[in-house]
Amino acid sequence: MKPVLEISEVLSSLAKQRPVFHSEADFRHAFAWEIHQRLPSDALVRLELPVQVRQQFLHIDVWVVYQNTTLAVELKYKTRRLTIHIGNEQYRLKDQSAQDTSRYDFLKDVQRLEQVVAVHPNSIGYAVLLTNDSAYWKKPVNHSTVDADFRLYDGRVVEGVLAWGVNASDGTKKDREQSLELQGKYQLRWSDYSYPSSGSYGEFRSLVVKVSPINEAG
């Protein structure tokens with residue numbers, strides 16, 4: 001199934017106007033608006049839409065319907081501390097720690113999108129992560145960490161059952177105890193997004209994982 005638009009093109013266009021966002025909500029709104037501007041007026045673009053998957057409802061960040069095709073997009077925005085001015089705006093990004101649980105949450109988005117596209121005909125899912133924290137895209141030196149299964153470094157292939165290491169604390173796993181099981185196989189490829197600052201954490205990169213129905217190529 002050919003998507004109604006390419007997410008990589010959406011991000012590339014967005015980066016020229018918004019190299020940085022104040023928050024994940026800011027990113028979500030700008031992303032949805034960019035899609036709205038790129039599609040004809042009869043396209044449906046919704047934020048935080050509750051979508052039924054079997055006996056439950058999943059809230060999807062951005063839901064797009066156009067020409068009998070549906071795009072379901074989950075977005076994550078993870079930052080390290082950065083204060084910069086762009087135009088008349090000052091951006092004061094927080095230092096968000098807990099990369100281990102954030103990795104888990106991103107891959108849970110992939111799992112959720114697999115569930116969505118399995119029951120909604122003519123749908124494609126996209127899990128998107130935007131960050132200025134290189135800990136997400138760099139290959140770790142130590143591969144025996146408690147979150148090894150959830151690592152998102154560039155070039156890695158993720159598939160099958162993903163679980164916490166045996167030494168993961170109860171605090172780390174709180175509300176995330178359950179292992180994840182992916183039906184598909186995904187190679188993680190990071191792309192440059194923006195360089196709003198030459199200082200520390202001034203580089204932003206994006207990761208996009210496309211989720212298609214399991215019996216469909218690509």
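Predicted model: local features only at pLDDT ≥ 70, side-chain atom pairs only at ≥ 80, totals over all residues.
Residues are numbered from 1 along each chain as its sequence is written, and side-chain values use heavy atoms, with hydrogens and water left out.

Let's start with the whole fold. The protein has 4 helices and 10 strands; helices here are DSSP runs of H or I with at least four residues, and strands are runs of E with at least two, numbered from the N terminus. In order from the N terminus, the elements read α-α-β-β-β-β-β-α-β-β-α-β-β-β. The C-alpha trace spans about 45 × 45 × 30 Å along its principal axes. Of the 218 residues, 49% are buried, meaning under 20% relative accessible area with a 1.4 Å probe, protein chains only. Contact means heavy atoms within 4.5 Å. Among contacts between residues at least 6 apart in sequence, 60% join residues at least 24 apart.

Now to helix α1, residues 7-17. Which of its residues are buried? They are Ile-7, Val-10, Leu-11, Ser-13, Leu-14 and Ala-15. In general, an α-helix has 3.6 residues a turn, so residues three or four places apart point the same way. The buried residues of α1 pack against α2 (24-38), β6 (123-131), β9 (190-194) and β10 (204-211).

That brings us to the glutamate in α2, Glu-34. Glu-34 is buried, at 5% relative accessible area. Leaving out residues up to four places away in sequence, Glu-34 touches Val-10, Ser-13, Leu-14 and Gln-17.

The other glutamate is Glu-74, in strand β3 (residues 69-78). Is Glu-74 buried or exposed? Buried, with a relative accessible area of 2%. What does the side chain of Glu-74 make a polar contact with? The partner is the side chain of Arg-112, at 2.8 Å. A polar contact is a pair of N or O atoms within 3.5 Å; within protein, one must be able to donate a hydrogen and the other to accept it, and residues adjacent in sequence count only if both atoms are side-chain atoms. Beyond residues up to four places away in sequence, Glu-74 touches several others, including His-59, Asp-61, Asp-109 and Tyr-126.

Technical notes: Buried < 20%, exposed > 50% of the residue type's maximum accessible area, 1.4 Å probe, protein only.
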